[in-house]
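Notebook open, viewer running. Today I want to go through the rings, the core and the surface of this one.

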Amino acid sequence: MQRNRTAPRRAFTLVELLAVVAIIALLIGILVPTIGAARRAARNTQTKGSLQTLQTGLEAFRGEQKIGGTFPPSYSDGDEDSGMGVGRVTSPFTNQPISISGAGLLVWALSGADLLGTPGFPKLGQASWARASGSNSGNQAARDSNAYALYPPGHARAGEPVHTRFMYIDPSGIPLTPPGETNGTFRVPAELRAGVTAVRQYPMYLDSFGQPILYFRASAGGRNMAARDRQADARAIFYLEDNWALLNPGNRPSGSSPGEYTLMLDDPDGGRHRLPWVNLPTGANAAQDDLTEPSFARYIRDRNVKARFQPQRAEGYLLITAGPDGVFGSKDDITNFEPDAR
């Protein structure tokens, strides 16, 4: 009897196995960057959409005559005379003075500091709106003088805002800093990833990469392009100090806590962000000089104006995000203007 013999199976040789591994590695090498680029593009698109939403909200805020009829401030009106300190406000969460950035005031203007709607920036009989920006659920007089006051427990409207509120940006419609461990604290996702331990005391809108969206309002009647702070130049259009809390830990307003001014992110190339303050050239031909150093002034300058230093959007506001690389002032920033990020 003749038996059927099964042909022996041929195994992969080492060379063939290595070839397969090399092909798989090559495909991974091709696909991973492509997937990463697609994700970045999607996040860029999402961030641009967020900026458009903010611009719509800002226009609506300006159009509401009941709360001022102008774009919201990007710097507190608190000063030493009002007992607040420069650049500070009263926290609606703790009723204590805190320093705040333009990025924080943007949320106060469009969603409200407590995210229940904004009352605007009324003074309510106090020396400044910064002083009146707190919350109080006590007696009627205290509630009347605090912009974020809520009716107390036992009241027929318990938990509702005492003063009229407007909601220009739904808090669920744009990324926001998540709450921290205690009431009135917030954490920036990009800071946490970078190992920054700063705890923010106010909410901020975020881009799709988890970084704050900076807001600078042009000063009404400003004549000079930009300045480091109001003490240095009271006639500037834009001031870097409006977002000191996120950009310059070494230049703090007097009376502020160093812990509130931790640098948000470092440049992965070894430097820091590219929006420092560098003094503008002076002299007869100053406006013709090229601002060669990376700086806030060069970043916002309108390069089409040759006769003088002129910022872009001098009658409005600037919105700035750090983009995919997490570095403010670099070429991949997403903004509402055309920055000079050479």
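Predicted model: local features only at pLDDT ≥ 70, side-chain atom pairs only at ≥ 80, totals over all residues.

Is F61 buried or exposed? I looked up its relative accessibility and got 1%, so F61 counts as buried, the cut-off being under 20%.

**Aromatic pairs**

I counted the ring pairs and the structure holds 10 of them. I began with F61 and Y168, an edge-to-face pair with 5.9 Å from centre to centre and 65 degrees between the planes. The two partners come from distant parts of the chain, 107 residues apart: F61 is in helix α1 (residues 14–63), while Y168 is in the loop between α3 (140–144) and α4 (189–193). I checked Y168 too, and its relative accessibility is 18%, so Y168 also counts as buried under the 20% cut-off.

W108 is buried, because its relative accessibility is 2%. I got 2% for Y148 too, so Y148 is down as buried.

Then I traced who is joined to whom. Ring pairs tie F61 and Y168 into a cluster with F121, W129 and F166.

**Charges over rings**

I searched for charged ends above rings and wrote down two cases. R230 lies over the face of Y75, 4.0 Å from the ring centre. R313 has its charged end over the ring of Y317, at 4.9 Å from the centre.

**Nonpolar core**

Which residues have the most contacts inside the largest nonpolar core? I find L54, W108, L110 and Y205, in a core of 64 residues. I then listed the elements that give two or more residues to this core: the helices are α1, α2, α5 (244–247) and α6 (296–300), and the strands are β3 (214–217), β4 (224–227), β5 (236–239) and β6 (317–321). Helix α2 gives the most, with 7 residues.

**Surface**

I found a nonpolar surface patch of about 500 Å², made by I23, L26, L27, I30 and L31. I picked I30, which is found in helix α1, the helix that also holds F61. At 48% relative accessibility I30 falls between the 20% and 50% cut-offs, so I noted I30 as partly exposed.

Methods:
Residues numbered from 1 in each chain as written. Heavy atoms only, no water. Phe/Tyr/Trp six-rings, centres within 6.5 Å; stacked < 30°, edge-to-face > 60°. Helix = DSSP H or I, 4+ residues; strand = E, 2+ residues; numbered from the N terminus. Buried < 20%, exposed > 50% of the residue type's maximum accessible area, 1.4 Å probe, protein only. Lys NZ or Arg CZ within 6 Å of the ring centre and 35° of its normal. Patch = residues over 30% accessible without salt bridge, like charges linked within 9 Å, V, L, I, M, F, W, Y side chains within 5 Å. Areas by Shrake-Rupley, 256 points an atom, 1.4 Å probe, with all protein chains shown as cover. Salt bridge = Lys/Arg side-chain N within 4 Å of Asp/Glu carboxyl O. Core = buried A, V, L, I, M, F, W, Y, C linked by side-chain atoms within 4.5 Å.
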